[in-house]
Amino acid sequence: MAGRFAPRPTRTTVRGGQVAVPPGVPRQATGPGLVREWVPDGPLDLGLVLGPLRRGPGDPTFRATPDGSVWRTCLTPAGPGTLRVCAYGGGVRGEAWGPGAQWLLEGLPALLGAADDPSAFVPRHRLLASARHRRPGLRLTRSGLVLESLIPSILEQKVTTDEAYRAWRLLVRKFGEPAPGPAPARMYVMPEPRTWALIPSWEWHRAGVDNKRASTILRAVRVAARLEQAVGMEPGAARARLELVPGVGPWTSAETVQRSHGAADEVTVGDLHLPGIVGWALAGDRDADDAAMLELLEPYAGQRHRAARLILLSGRVPARRAPKMPRWDIGQL
């Protein structure tokens, strides 16, 4: 059976932001839409750059199609929009539909890492040097949107990734709106803040979201406009604003600004697995805590998130010592 089926993505590849974009000849999507072409100033891997924006293989806001395109839906300041991105030769073609089409195309270079500077990273460990050599197209995306990264990050608090991905999928499909334009089937735009605020308690329960996480999301969407203003701040100041919302801590704020700001230095602390993975990769210490992880990443100050990302993409992780955490569905209670 070996080779007949593609391996399922592991937790490490998902957290590392690796999305398999099938090779193919990009074809123009049907239907009128706005178009922009852009040429990056270096190697660019769409799967690596946009991968962190995907929340699981069934994410209704993200799709990689067999023709080599990546589709993404967004709730932009101008309204809902659908973006199709494909690479050809040394350039990138973006097509967009919906009220937010112009906003999406204006932000296309930033989304694909134009503001990122990979040359600022200097590897000081053989593993990181090898990972960077094998991933020359890695750039850090800047989505320019806070809420679309904050809400799924809240859903991921204290649960398995499978549970969080399922909750995001169910809620977006039920309360979001169909993606504008010729998007692939079953793609949706995430709900507006007011819609999130009006989701009944039993729908949160059916999606497997406990009251603590649901309440945090409700508090966040009530101040959505203030949170979106954080895009114009430095990552540290943006995290401080996000953490003013009760229930949003350092883990959640870091996971958010890594995507919304393209923050190269905002490393995630408070994670169940990341300290052990970094400790094992750099020092052979699978029991490393946050303090030990930060000490190991200190030589990469200014680029600590990139270093952690390369470690996750390297695949060097300690072997499991216990069975995978069981999945609980509170919706069955």
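# Close-up views of a predicted model

**View A. D210 caps the N-terminal end of helix α10, with a side-chain oxygen 3.0 Å from the backbone nitrogen of K212.** Welcome to a predicted model, in which local features need pLDDT of at least 70 and side-chain atom pairs count only at pLDDT 80 or more, while totals for chains, interfaces and linings use all residues. Residues are numbered from 1 along each chain as its sequence is written, and side-chain values use heavy atoms, with hydrogens and water left out. Helices (H or I, at least four residues) and strands (E, at least two) are DSSP runs, numbered from the N terminus.

View B. Buried means under 20% relative accessible area, exposed over 50%, and partly exposed in between (1.4 Å probe, protein chains only).

**View C. Five strands line up as an open sheet in the order β1-β5-β4-β3-β2, with antiparallel pairing.** At the edges stand β1 (34-38) and β2, each with a single partner strand, so one side of each has no neighbour in the sheet. On average, neighbouring strands of this sheet are turned by 20° against each other, direction ignored. Two strands pair if DSSP finds at least two bridges between them. Look for R84, which stands opposite E95 in β5.

**View D. Strand β3 (residues 69-76) is largely enclosed by the rest of the structure, because 8 of its 8 residues are buried.** On one side you will find S69, W71, T73 and L75, and on the other V70, R72, C74 and T76, all buried. In a regular strand the side chains alternate between the two faces of the sheet. With β2 (residues 62-64), β3 pairs in the antiparallel sense over 3 bridges, and R72 is the bridge partner of F62. These two strands form a hairpin with 4 residues between them, where G68 in the turn has a positive phi of about 90°. With β4 (residues 79-88), β3 pairs in the antiparallel sense over 8 bridges; V70 has V85 as its bridge partner there. This hairpin has 2 residues between its strands.

**View E. Helices α5 (residues 126-134) and α16 (residues 304-314) cross at roughly 80°, their axes coming within 9 Å.** Axes are lines fitted to C-alpha atoms, for helices over the stretch in contact, and angles run from 0 to 180 degrees between N-to-C directions. The two helices are therefore roughly perpendicular to each other, a term for angles of 65 to 115 degrees (under 35 is roughly parallel, over 145 roughly antiparallel, and the rest oblique). L127, L128, A131, R132 and R134 in α5 meet A307, L310, I311 and S314 in α16.

**View F. T252 sits in helix α13 (residues 250-260).** Its relative accessibility is 2%, so T252 counts as buried. Leaving aside neighbours within four places in sequence, T252 is in contact (heavy atoms within 4.5 Å) with L150, S153, I154 and Q157. The side chains of T252 and Q157 are joined by a polar contact of 2.7 Å. A polar contact is a pair of N or O atoms within 3.5 Å; within protein, one must be able to donate a hydrogen and the other to accept it, and residues adjacent in sequence count only if both atoms are side-chain atoms.
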